[in-house]
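Subject: Structure handover

Hello,

Here is the structure you are taking over. My notes on it follow below.

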Amino acid sequence: MRNLLFIVAFLCGVFQLNAQSQELARNFFDQGEFEKALKIYQQLAKENPGNPVFFYGVISSYQQLENFDAAEELLREKLENTANNPNLLIELGHNFELREDPKKADEFYKEALDAINARPNFAYGIARGFEKYNLLDEAAQAYEKGMALHSDHNFNLQLARIYGEQGKIEEMFDNYLDLIDENPNLFHVANREFGRYISEDSGAEANMIFRKLLLKKLQENPQVFYNEMLAWLFIQQKDFDKAFAQQKAVYRRGEAGLQDILNLAVLAERAGDSQAAKEIVAYAIEEAPSENIVLQGKRFLLNLAGKDATTNFKEIEKEYQALFEEFGLDLKTLDLQLDYAGFLAFKAGEREQAIEQLRELSEITRSNFDKARVKMELADVLVLEEKFNEALIYYSQVQNLMKNDAMSQQARFKVAKTSYFKGDFKWAKTQLDVLKSSTSQLIANDAMELSLLIEDNSIEDTAQVALKKYARADLLAFQGKNEAAIAILDEILANHKGEKIEDEVLFKQAQLYENIEEFEKAESNYLEIIRLFNTDILADNANYYLAELYAKYLDNPERAMEYYEQIIFNFADSIYFVDARKKFRRLRGDTIE
């Protein structure tokens, strides 16, 4: 027993020593000290002749030292003494490629590929060997040959990835579609790859190839899967009428429910295509087999009408009342009743009625979740009415009802925002500092921004005069009084020029100008931030929103590209970086992202 323990301890010591030596050799190699790396790898290979890591460490070190003869000698010797290892042929070919002898390299690569004829099972390993040196053509040939020779082999996933890297877009799409057809669980893997090539531009090469391929497959083999993929493509292109046509085809074949149709309507509405959203929902209501779908659909249409309304509030109120008569005023229509209260408060200006309705609703809700939702909406309306202390009570009740839930964190943020509105900046900042580590990234970011606003504008201006005015403007904006908010922000710019708050005021005002569609004034503000504060915290926001302004409203794609590019080159850590890069490439006309 003692001898056995000694042997185990000895072997553990040897393994640990080898691992340390390997790490040292790798460090020398990474630092360019190839002579030192070579000596250690040679010693390790001598002591462990069967370990391929040490052997290839020696080969790579020789190659970095441009001692290709020594590398070739070792590889040939290994090849002679090893049975059935065609990857050594790839290594020899690569060695000749390094010494700029492509003809000889190709001979060894061909020999490696020919080895698959006798042993189809070698296809995967040989292909991976080629991929190691980015020899994509040879890797694709290895996979293709392996599949042709052995029907059980399926390398479509590997081939699709290689085709994409080679720019063979149609072959890539074709392979991925075959994969999903065989195994639907691979849809998300393939869809992630599709997203790298498909853009909003229906005229982009990749989009046209994908559409043509899907239509062809649908004709040859009318499977629902191809309708679903066409719907997905049209959604990416924001062509919701065509997506709807495909989704209807899926529904009619009994492969999907109306909920998928309603989800498409939501996507259309978010993309700004209200007309398509209305048509989609109208179809869902007409086809609905259940009262629940009808209620969802009619609620959705009413929300759209309320969002677009400017004067016809009484008509919309009548529509709400008609729905309550049809579906009742109970917990089944809780979502509809919350929508109605929000409409009364934020659109129709009937806040007292909204407050009364929400108080009654809070008395009949049973679950903590529903109670919290009602109380949160009630508190929001009370803030709108500037009844801050009462609102704070309800937000606190939501926190108690939904402890350790995202809704609780949202309520805490609203406590902080309400305290900020009423000028209690110290308490607001205390709450915000807790929320900086929120599990919700959105809440954490919002909390950090508001906390910094308070902190930055309380140091020089201890009386917080400008900050109080800014908070008032922020509240007016929340109440929908954009012109009044803009006027207060003008006053701050006139009386507090050069103070820390100036960039915040310019940015807030620019966003309000966008809300009232005064886009040239918004442009002027963003340009002023970039001119005066391009190294400060709002610089990336200003560049990004200015690019968006040029792209969406001022019809100036060249200027939009200019400011997206500013994000890419000067604000690599910005939250807008990924989106800016994608939109820049799309405007530039790239077909592959």
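pLDDT is the predictor's confidence in each residue, from 0 to 100. This is a predicted model, in which local features need pLDDT of at least 70, side-chain atom pairs count only at pLDDT 80 or more, and totals for chains, interfaces and linings use all residues. Residues are numbered from 1 along each chain as its sequence is written, and side-chain values use heavy atoms, with hydrogens and water left out.

Confidence: the protein chain has a mean pLDDT of 90, with 96% of its residues at 70 or more. Helices (DSSP runs of H or I, at least four residues) are numbered from the N terminus. Confidence is lowest in helix H1 (residues 2–30), at a mean of 61, and highest in helix H29 (residues 519–533), at 97. Over residues 1–15 pLDDT stays under 50, and the model has zero contacts there beyond four places in sequence; contact means heavy atoms within 4.5 Å.

A helix pair: the axes (lines fitted to C-alpha atoms over the stretch in contact, with angles from 0 to 180 degrees between N-to-C directions) of helix H26 (residues 465–478) and helix H28 (residues 502–515) come within 12 Å and cross at roughly 15 degrees. H26 is therefore roughly parallel to H28 (angles under 35 degrees count as such). Tyr-470, Asp-474 and Ala-477 of H26 meet Glu-504, Val-505, Lys-508 and Leu-512 of H28.

Regards

Methods:
Helices (H or I, at least four residues) and strands (E, at least two) are DSSP runs, numbered from the N terminus. Angles under 35 degrees count as roughly parallel, over 145 as roughly antiparallel, 65 to 115 as roughly perpendicular and the rest as oblique.
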